[in-house]
Amino acid sequence: MNTPTLSTRDLLAKSQPLIALVLMIIVMALASDAFLTPENGWNILRQISVNLCLSIGMTLIILSGGIDLSGGAILALAGAVAAGLMKNGIGIPAIDVLLQFTLAGAIVGAVVVGMVLGWFNGFVITKFRIPPFVATLGMLSIARGLTMLWTGGFPITGLGEGFGFIGTGTFMGIPMPVWIASLLVTAFVVITKKTRFGRHLYAVGGNERAALLTGLRVNRVKIWVYTLGGALAGVAGVLVTARLDSAQPNAGMGYELDAIAAVVIGGTSLSGGRGSIMGTVLGCLIIGVLNNGLFLLDVSPFWQQVIKGMVILIAVAIDKASPRNRSD
């Protein structure tokens with residue numbers, strides 16, 4: 001007869017992000033008449049799409065027991081590469097003519113750049129045993145420097161309507177960034193829950209030594225995780241650049257912190273091995289609703305940072321105090 005009680009407690013613990021989101025929507029709706037409107041709802045979804053792309057990759061990395069501080073910088077470099085390819089190609093006439101860096105070529109180029117940098121993160125972390133915090137901090141500086149070299153420190157503008165459609169257009173009445181983020185969420189829910197890679201990911205994050213003893217190729221899993229994280233940062237870079245119709249050299253500043261916040265608020269454990277993509281979706285929605293509501297209430301941006309930090313601390317404290325963590 002004790003089992004139902006434990007299941008209910010566990011269910012409540014897992015539902016904390018959803019309960020927090022519902023409460024926040026109620027509070028913001030009562031505080032601002034402009035909050036609970038269809039237009040504002042789409043606005044929130046459009047705004048969180050970039051963070052959602054970045055946060056999916058961050059979820060994979062944190063589930064594996066790692067962390068990534070370079071996501072925002074990779075986003076900026078990928079966006080700049082996409083913009084540069086759209087405007088000027090790669091500067092080698094034969095290749096430029098051959099590939100005709102159109103919309104698809106620019107997007108693929110950005111994603112490949114993200115994948116390569118993410119792979120490098122995974123390589124140095126696994127082969128040289130550099131802590132993820134240090135390795136990705138170094139990559140943050142490398143990617144920022146490469147972005148400045150690629151752009152010359154100036155924005156790349158005038159990318160055309162086709163590219164801008166990715167960031168500002170709609171399909172069947174739904175903004176394109178929302179479509180892209182939704183497809184990625186669906187794909188990675190399936191990957192984490194239904195594939196061998198997903199099972200290995202949770203095993204590595206839950207107990208790396210045990211995973212090694214059972215024969216799992218831990219380093220390969222980690223390298224793939226960081227590579228996918230880089231690719232998703234590349235997609236986020238394309239979305240930001242398309243929405244602004246320009247590649248800003250300083251784009252993505254602090255985005256990795258928002259991604260980490262969304263993952264933690266969504267219930268993924270910072271020690272790895274426990275969490276979900278859908279939890280991260282809720283985390284992104286909570287941050288999006290919070291940002292939007294505070295903006296509508298004309299709260300100072302400085303206070304918005306303070307409030308966001310407090311929400312993160314509360315989320316971590318609740319997670320640490322949950323029955324699941326106490327039983328670990």
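The legends below describe close-up views of a predicted model.

**View 1. Helix α8 crossing helix α12.** Helix α8, which covers residues 161-168, and helix α12, which covers residues 218-244, have axes that come within 7 Å and cross at roughly 110 degrees. Angles from 65 to 115 degrees count as roughly perpendicular, and α8 and α12 are therefore described as roughly perpendicular to each other. The crossing in which α8 passes α12 is left-handed. On the α8 side the contact is made by F163, G164, I166, G167 and T168, while α12 contributes V238, L239, T241, A242 and R243.

**View 2. Helix α4 packed on helix α12.** Helix α4, formed by residues 71-88, packs with α12 at an angle of about 55 degrees, and the two axes lie 7 Å apart. That angle makes α4 oblique to α12, and α4 passes α12 in a right-handed crossing. From α4 the contact involves G71, I74, L75, A78, G79, A82 and A83, and from α12 it involves G230, A233, G234, A236, G237, V238, V240 and T241. Nine residues of the contact of α4 with α12 are nonpolar and six are polar, with no charged residue among them.

**View 3. G79 within helix α4.** G79 lies in helix α4, and a relative accessible area of 1% places G79 among the residues that count as buried. When residues up to four places away in sequence are not counted, G79 touches G237, T241 and A247. G79 and I156 are 77 residues apart in sequence, yet their C-alpha atoms are 9.8 Å apart in space.

**View 4. A231 within helix α12.** A231 is found in helix α12 and is buried, with a relative accessible area of 12%. Apart from residues up to four places away in sequence, A231 touches V111, G114 and M115. Between A231 and L54 there are 177 residues of separation in sequence, and the spacing from C-alpha to C-alpha is 9.2 Å.

**View 5. The largest nonpolar core and I56.** The largest nonpolar core has 82 residues, of which L52, C53, I56, F163, L184, F188 and V289 touch the most other members. Helix α12 gives the most to this core, with 13 residues. Leaving aside neighbours within four places in sequence, I56 is in contact with L184, V185, F188, L232 and I277.

**View 6. Helix α13 and the glycine that follows.** Eight of the eleven residues of helix α13, which spans residues 255-265, are buried, so α13 is largely enclosed by the rest of the structure. The buried residues of α13 are E256, A259, I260, A261, A262, V263, V264 and I265. An α-helix has 3.6 residues a turn, so residues three or four places apart point the same way. After α13 comes G267, whose phi is positive, near 100 degrees.

**View 7. Q304 in helix α15.** Q304 has its place in helix α15, which is made up of residues 301-320. Because residues under 20% relative accessible area are classed as buried, Q304 counts as buried at 15% relative accessibility. Not counting residues up to four places away in sequence, Q304 touches N291, L294, F295 and V299.

Note on methods:
Residues are numbered from 1 along each chain as its sequence is written. This is a predicted model: local features need pLDDT of at least 70, side-chain atom pairs count only at pLDDT 80 or more; totals for chains, interfaces and linings use all residues. Side-chain values use heavy atoms; hydrogens and water are left out. Axes are lines fitted to C-alpha atoms, for helices over the stretch in contact, and angles run from 0 to 180 degrees between N-to-C directions. Helices (H or I, at least four residues) and strands (E, at least two) are DSSP runs, numbered from the N terminus. Angles under 35 degrees count as roughly parallel, over 145 as roughly antiparallel, 65 to 115 as roughly perpendicular and the rest as oblique. A crossing is left-handed if the near helix is turned anticlockwise from the far one by less than a right angle, and right-handed if clockwise. Contact means heavy atoms within 4.5 Å. Buried means under 20% relative accessible area, exposed over 50%, partly exposed in between (1.4 Å probe, protein chains only). A nonpolar core is a set of buried Ala, Val, Leu, Ile, Met, Phe, Trp, Tyr and Cys residues joined through side-chain atoms within 4.5 Å. Ala, Val, Leu, Ile, Met, Phe, Trp, Tyr, Cys and Pro count as nonpolar, Asp, Glu, Lys and Arg as charged, and the others, Gly among them, as polar.
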